[in-house]
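Trainee: Could we go through this model together, with the sequence and the coordinates open side by side?

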Amino acid sequence: MKYAFPDNFWWGSASSALQTEGAREGETTWDYWFAREPNRFHNGVGPQQTSTFYQHWKTDIQLLKQLNHNSFRTSISWARLIPDGIGEVNPEAVDFYNQVIDELNEQGITPFMTLFHFDMPMAMQEIGGWENRDVVDAYARYAQICFELFGDRVLHWFTFNEPIVPVEGGYLYDFHYPNVVDFKRAATVAYHTVLAHAQAVRAYRAGHYAGEIGIVLNLTPSYPRSQNPADVKAANVADLMFNRSFLDPVLRGEYPADLVALLKSYDQLPACKPEDGFLIAEGKIDLLGVNYYQPRRVKCRDSAVNPQAPFMPEWFFDSYEMPGRKMNPYRGWEIYEPGIYDILVNLRDNYGNPRCFISENGMGVENEQRFIENGQINDQYRIEFISEHLAWLHKGIIEGCNCLGYHMWTFIDNWSWCNAYKNRYGFIQLDLATQKRTIKKSGEWFAATALNNSFDRE
């Protein structure tokens with residue numbers, strides 16, 4: 001069967017500043033944490049050891065061209081542009097980002113730019129990070145500076161990448177710095193992130209820039225074990241906390257009443273100001289990026305909550321391992337291709353069918369060198385992963401979902417937070433010792449698909 005996509009469909013990939021660029025003047029929370037606890041990082045590999053985009057941006061953009069990308073998302077590093085978060089702009093960073101943006105445009109690759117991809121300047125974290133409203137204001141100033149510097153050539157902006165992840169990682173589940181386990185502080189961080197997003201949107205609108213502004217959310221559809229009311233309720237709470245806590249403010253301009261009532265009943269609401277509601281209402285976006293990797297399967301709790309334990313989302317549900325599920329054993333994630341379709345249908349039916357695109361989807365695999373044939377990684381498993389997701393994405397488009405593109409994570413194997421280089425995601429193999437880049441079989445397949453705006457599948 002032939003799967004043909006709409007004209008001007010965005011074919012590309014995504015990356016981030018911290019995971020690709022390498023050393024910068026301004027210290028981030030990742031630099032700070034790695035210096036103190038290198039044992040928390042796979043094989044002790046920290047954020048200095050990246051795919052050296054800062055040095056090789058020109059040749060990397062040539063590789064994007066070779067892969068027939070018509071669009072590419074990366075991020076600006078707040079700590080590179082404004083090393084202390086609030087002070088002087090670093091002219092070398094301005095030169096670097098100007099060169100990258102100009103080269104992308106010259107090669108016919110539309111730049112999609114994210115303002116914040118987990119890389120909080122350490123100077124901002126030292127005064128409380130997203131718990132402090134002063135940091136919200138500092139971020140709004142940083143966003144404004146980016147719009148002024150680059151807004152004439154960057155027409156697709158994203159305020160945040162996966163804003164729920166720093167909330168989960170830094171303030172609930174101890175997998176990002178500052179390693180806090182405290183729901184109320186987590187709720188404050190999430191709330192202030194929404195305020196920061198809305199301030200950036202307000203600044204963008206006020207500047208009358210030519211492009212559009214959005215946000216990138218990692219949406220994990222919540223599937224109940226059964227249609228038993230207790231399981232359905234558990235899935236709804238998971239959806240409220242992990243999806244709708246950001247989806248509703250950015251698309252509807254307000255929080256779900258059910259979420260507010262739930263947090264209020266457990267005294268977990270963040271401190272609000274009367275004017276916040278007006279600001280959040282101004283934060284409605286033009287374009288939604290959707291990162292989809294895996295579903296969330298839940299059931300009602302089987303046991304009573306320990307009243308002495310910290311308040312957590314898991315007070316309301318247990319995770320459920322569905323029998324027969326398909327797994328990526330290296331990442332420990334379920335592979336469920338229809339989830340991408342379910343997300344799009346939910347957006348169409350419940351959120352007014354917003355302009356959206358798949359901003360990340362990908363498969364991390366360990367020790368890919370074992371698949372080398374004639375000097376090239378034969379990652380047929382990644383081709384199958386992409387094509388099966390694209391088939392479900394295509395079904396959504398045929399049924400009227402307003403999905404405008406597909407970006408893969410990522411174009412070159414890159415450093416990945418605490419996992420470092422454990423799992424490889426790229427279309428292009430990176431030799432860490434030599435920094436040599438070699439296109440994998442999936443890269444060739446993607447290049448052909450993008451060129452033809454279609455692919456064939458049995």
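Trainee: In which helix does aspartate 276 lie?

Mentor: This is a predicted model, in which local features need pLDDT of at least 70 and side-chain atom pairs count only at pLDDT 80 or more, while totals for chains, interfaces and linings use all residues. Residues are numbered from 1 along each chain as its sequence is written, and side-chain values use heavy atoms, with hydrogens and water left out. Helices are DSSP runs of H or I with at least four residues, numbered from the N terminus. With residues 276-281 forming the run in question, aspartate 276 lies in helix 12.

Trainee: Is aspartate 276 buried or exposed, and which residues does aspartate 276 touch?

Mentor: Buried means under 20% relative accessible area, exposed over 50% and partly exposed in between, with a 1.4 Å probe and protein chains only. Aspartate 276 is buried because its relative accessible area is 4%. With contact taken as heavy atoms within 4.5 Å, and residues up to four places away in sequence not counted, aspartate 276 touches Arg133, Tyr191 and Leu195.

Trainee: Which residues of helix 2 are buried, and against which helices do they pack?

Mentor: Helix 2 is mostly covered, with 6 of its 8 residues buried, namely Thr29, Trp30, Asp31, Tyr32, Trp33 and Phe34. The buried residues of helix 2 pack against helix 1 (17-20) and helix 6 (122-125).

Trainee: Which residue caps the N-terminal end of helix 2?

Mentor: The cap is a side-chain oxygen that lies 3.1 Å from the backbone nitrogen of tryptophan 30. The residue that supplies this oxygen is threonine 28.

Trainee: What is the volume of the largest cavity?

Mentor: On a 1 Å grid over the protein atoms alone, a cavity is a set of points where a 1.4 Å probe fits but cannot get out, and lining residues have an atom within 4 Å of a point. Grid points are joined across faces, edges and corners, and a volume is the space filled by probe spheres set on the points. The structure holds 3 cavities of 30 Å³ or more, and the largest has a volume of about 150 Å³.

Trainee: Which residues lie closest to the centre of the largest cavity, and which helix gives the largest share of its lining?

Mentor: Of the 14 lining residues, the closest to the centre are Phe118, Met120, Gln125, Pro166 and Tyr177. Helix 2 (29-36) and helix 8 (164-171) each supply at least two residues of this lining. The largest share, 3 residues, comes from helix 8.

Methods. On a 1 Å grid over the protein atoms alone, a cavity is a set of points where a 1.4 Å probe fits but cannot get out, and a pocket is an open set with protein on both sides within 12 Å along at least five of seven lines; lining residues have an atom within 4 Å of a point. A polar contact is a pair of N or O atoms within 3.5 Å; within protein, one must be able to donate a hydrogen and the other to accept it, and residues adjacent in sequence count only if both atoms are side-chain atoms.
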